[in-house]
Amino acid sequence: ALVNPWTALAMVDLAAQHKSKAVVHTAGASALGFMLNRVAHRQGLPVINIVRRPEQAKLLAESGVAPHVLDSSQPEFGAQLRALSRKLGAVVVFEAVGGTQAGGGLNGMPDRTTMKIFGNLALKPVGGIIVSQL
């Protein structure tokens, strides 16, 4: 777990470099997700946490460190992500899942959003990105 604090600090720094007022993290219920929420909170940076299952959403919501949790398995996920990312000013996505979720998440983000891919939990190629919407 030694790398997690440094990774979380780097993510907050990258958000600042891109002038993002919030960030999206696609592995919200991971150890890094919890650490990112703590570090970002101290810096005043909201994190939109994406999880893949309802029990992960519940765990993260009950932790008290993550007020913004979205479950990608829910039918309203895309609309919720679009609305919340625009409301909070998130233009940086930290993508850990891969597969088609990467495209689905990016396609719903504001124009000029930057995606940093750092994992592939789905063990599938990143896809579903609609280039004309970037």
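**Entry 1: Gly44.** I located Gly44 in the loop between α2 and β2; helices (H or I, at least four residues) and strands (E, at least two) are DSSP runs, numbered from the N terminus. The model I consulted is predicted: local features need pLDDT of at least 70, side-chain atom pairs count only at pLDDT 80 or more, and totals for chains, interfaces and linings use all residues. Residues are numbered from 1 along each chain as its sequence is written, and side-chain values use heavy atoms, with hydrogens and water left out.

I looked up the accessibility of Gly44 and found a relative accessible area of 62%, so Gly44 is exposed. Here buried means under 20% relative accessible area, exposed over 50%, and partly exposed in between (1.4 Å probe, protein chains only).

**Entry 2: Lys19.** I found Lys19 in the loop between α1 (3–17) and β1 (22–25). Lys19 has a positive phi, near 55 degrees, although this residue is not glycine. Lys19 counts as exposed because its relative accessibility is 71%.

**Entry 3: helix α3.** Which residues of α3 are buried? In this helix, residues 54–63, I noted Gln56, Ala57 and Leu60 as buried. Seen down the axis, the buried residues of α3 fall within an arc of 100 degrees, so they line one face of the helix; the arc is that of the directions from the helix axis to the C-beta atoms. Lys58 and Glu62 are exposed on the other side of α3.

I then looked up what covers the buried residues of α3, and the cover includes α2 (31–43), β2 (47–51) and β3 (69–71); contact means heavy atoms within 4.5 Å. Just after α3, Gly64 takes a positive phi of about 85 degrees.
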